[in-house]
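The sequence and structure come first.

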Amino acid sequence: MEEKLIQRLESAVARLESLSAGSQRSRGGIDDVDDAFAAASSDPSIIAFDDLLTEFVGRLSSAAAKIGGQVQEVTNVLNEAFAVQKELLIKIKQTKKPDVAGLGEFLKPLNEKLMKAISMTEGRRSDFFNHLKAVAESLTALAWIAYVGKDCGMSMPIAHVEESWQAAEFYNNKVLVEYRNKDSNHVEWARALKELYIPGLRNYVKSHHPLGPVWSATGAAVSAPPPKASKPSAPAPPPPLPASLFTSESSQPSSSRPKEGMAAVFQEIGSKPVTAGLRKVTDDMKTKNRADRAGFVSAGEKEVRATVPSVSKVGPPKFELQMGRKWVVENQIGKKDLSIDKCDSKQTVYIFGCKDSVIQIKGKVNNITVDKCTKIGVVFTDVVAACEIVNCNSVEVQCQGTAPTISVDNSAGCQLYLSKDSLEASITTAKSSEINVLVPASGPDNDLVEHALPQQYIHSYKDGQFVTTPMSHSGG
């Protein structure tokens, strides 16, 4: 009895010792992971990235907080993207260099932040579109971390950062121009965004990762996730068995064997006459002799065709002041008496999707945008910033007061009427045609003189640079 009790006690003690040793081993593994993470976090390159976040990203966030709204939202997405890049830089210190599929899975968190920023620029154009677009374009600079060699299809890390910022700088400069004399907070935000990439991120990459990130040689491997299991389907039929090399068919010459596939088709075509199966066309079958194919359209048929309306997707018409800051005129068709009377210099006017209409803006407004309109007229008094005409056809715009800037983009058939006070306006055109500007004559009769803006240019290489001049046509 005592011997059995002693044996049971000894076995219990052995089990406790084994459990204690296992827990110590597992705890030791966790400690090793923590030590590796702490060592990677204390790397000089990670500390330098922390300094980049504190100095440049912090300054951008402070400027965005003063503006609020969508600008602050997209800046928060930028903060999240830079935080994700820091996590990836730490993981690279503990990870082996992956293959193409594994690299895509490794960079998935960063790509999600980039897609989130891009999604904010989609949909109807907002008042802060240039801010959103500048951030979305600039975040592609963070893809320098994907550089794994000269054969990877992308530029070197430093060049990639500079090229990405060049694409974003187009929209960032628009922010600077628009708010230069209006709101210093937006100017501060735009300058902070540029300094984040040039020189901020560029100098960081140049100092610590000029040839791309350095992956660990002994770390864990990254692989793409296994493909999702698909529903079981019926097994495919087995392929046909190959003909035996020793059958009688193999001894026949190739010309005597029946042809298969396209060779058989061409053989059958060649065996028949070219005109086989064709019917003779008689005089009564010719189009000129058929009474049901007359070459004129009756008036009744014209009337029937004219009464069939064209089906197009048009949203509900709008004519309203939103949030006390933005006049919205949308989807107005055939309205000749639209008028905005009570407006001030802090309000903007957005005209979208209108057709065969006339809009009159009485008073001074900050900005006017005419987007995707056809055969409309816009008459305004004064504008503080600019009058923009985008994606329009056959529009007439008349300025009765002053307008510092008028821009025409991707439009055809645009008539601009300028007053004496707006002759110093700067007119910018891009991807547009048939633009005519009518200005008052210098004579006493006050007639209008029409000037056609050129749409064809000659580029000549002279003295080491290209000289661009508009093409002039002369009648002979």
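## Overall composition

The protein has 10 helices and 14 strands. The model is a predicted one. Of its 476 residues, 30% are buried. Among contacts with a separation of 6 or more, 36% are between residues 24 or more positions apart.

Two packed helices are described by the angle between their axes and the distance between the axes. For helix α2 (residues 44–67) and helix α3 (residues 69–92), the angle is about 170 degrees and the axes lie 9 Å apart. Angles over 145 degrees count as roughly antiparallel, and α2 and α3 are therefore roughly antiparallel to each other. On the α2 side, the residues that meet α3 include Ile-46, Phe-49, Leu-53, Val-57 and Leu-60. On the α3 side, Val-71, Leu-78, Phe-82, Leu-89 and Ile-90 are among those that meet α2. The residues of this contact between α2 and α3 comprise 14 nonpolar, six polar and two charged.

Helix α2 also packs against α8, again at an angle of about 170 degrees, with the axes 8 Å apart. The α2 and α8 helices are therefore roughly antiparallel to each other. The contact of α2 with α8 divides into 16 nonpolar residues, five polar and four charged.

In soluble globular proteins, nonpolar side chains tend to be buried together. The largest nonpolar core here has 57 residues, and the members that touch the most others are Leu-78, Phe-82, Leu-139, Tyr-197 and Leu-201. Two or more residues of this core come from each of α2, α3, α4 (100–106), α5, α6 (129–138), α7 and α8. Leu-139 is in contact with Leu-78, Ala-81, Phe-82, Leu-114, Ala-117 and Tyr-197, leaving aside its neighbours within four places in sequence. A second, separate core has 33 residues, including Ile-340, Ile-351, Cys-399 and Ile-435.

## Burial of α6

How many of the 10 residues of α6 are buried? Eight are, and the helix is mostly covered. The buried residues of α6 are Phe-129, Asn-130, His-131, Leu-132, Ala-134, Val-135, Ala-136 and Ser-138. Their cover includes α3, α5, α7 and α8.

## Salt bridges

There are 13 salt bridges in the structure. One of them joins Glu-80 and Lys-113, whose closest N and O atoms are 3.1 Å apart. This pair links distant parts of the chain, with Glu-80 in helix α3 and Lys-113 in helix α5 (residues 108–119), 33 residues apart. Glu-80 has a relative accessibility of 30% and therefore counts as partly exposed. Lys-113, at 21%, also counts as partly exposed; the cut-off for buried is under 20%.

A salt bridge also forms between the side chains of Glu-169 and Lys-194, at 3.3 Å from N to O. Here too the pair links distant parts of the chain: Glu-169 belongs to helix α7 (residues 157–179) and Lys-194 to helix α8 (residues 184–208), 25 residues apart. Glu-169 is partly exposed, at 22% relative accessible area, and Lys-194 is partly exposed at 35%. Lys-362 is in strand β5 (residues 358–371), while Asp-341 is in the loop between β3 (338–340) and β4 (348–352), 21 residues apart. Both are partly exposed, with relative accessibilities of 40% for Lys-362 and 46% for Asp-341.

## Thr-218

Thr-218 lies in the loop between α8 and α9 (262–270). Is Thr-218 buried or exposed? Its relative accessible area is 71%, so Thr-218 is exposed. The C-alpha atom of Thr-218 is 7.7 Å from that of Gln-94, although the two residues are 124 residues apart along the chain.

Methods. Residues are numbered from 1 along each chain as its sequence is written. This is a predicted model: local features need pLDDT of at least 70, side-chain atom pairs count only at pLDDT 80 or more; totals for chains, interfaces and linings use all residues. Side-chain values use heavy atoms; hydrogens and water are left out. Axes are lines fitted to C-alpha atoms, for helices over the stretch in contact, and angles run from 0 to 180 degrees between N-to-C directions. Helices (H or I, at least four residues) and strands (E, at least two) are DSSP runs, numbered from the N terminus. Angles under 35 degrees count as roughly parallel, over 145 as roughly antiparallel, 65 to 115 as roughly perpendicular and the rest as oblique. Contact means heavy atoms within 4.5 Å. Ala, Val, Leu, Ile, Met, Phe, Trp, Tyr, Cys and Pro count as nonpolar, Asp, Glu, Lys and Arg as charged, and the others, Gly among them, as polar. A salt bridge is a side-chain nitrogen of Lys or Arg within 4 Å of a carboxyl oxygen of Asp or Glu. Buried means under 20% relative accessible area, exposed over 50%, partly exposed in between (1.4 Å probe, protein chains only). A nonpolar core is a set of buried Ala, Val, Leu, Ile, Met, Phe, Trp, Tyr and Cys residues joined through side-chain atoms within 4.5 Å.
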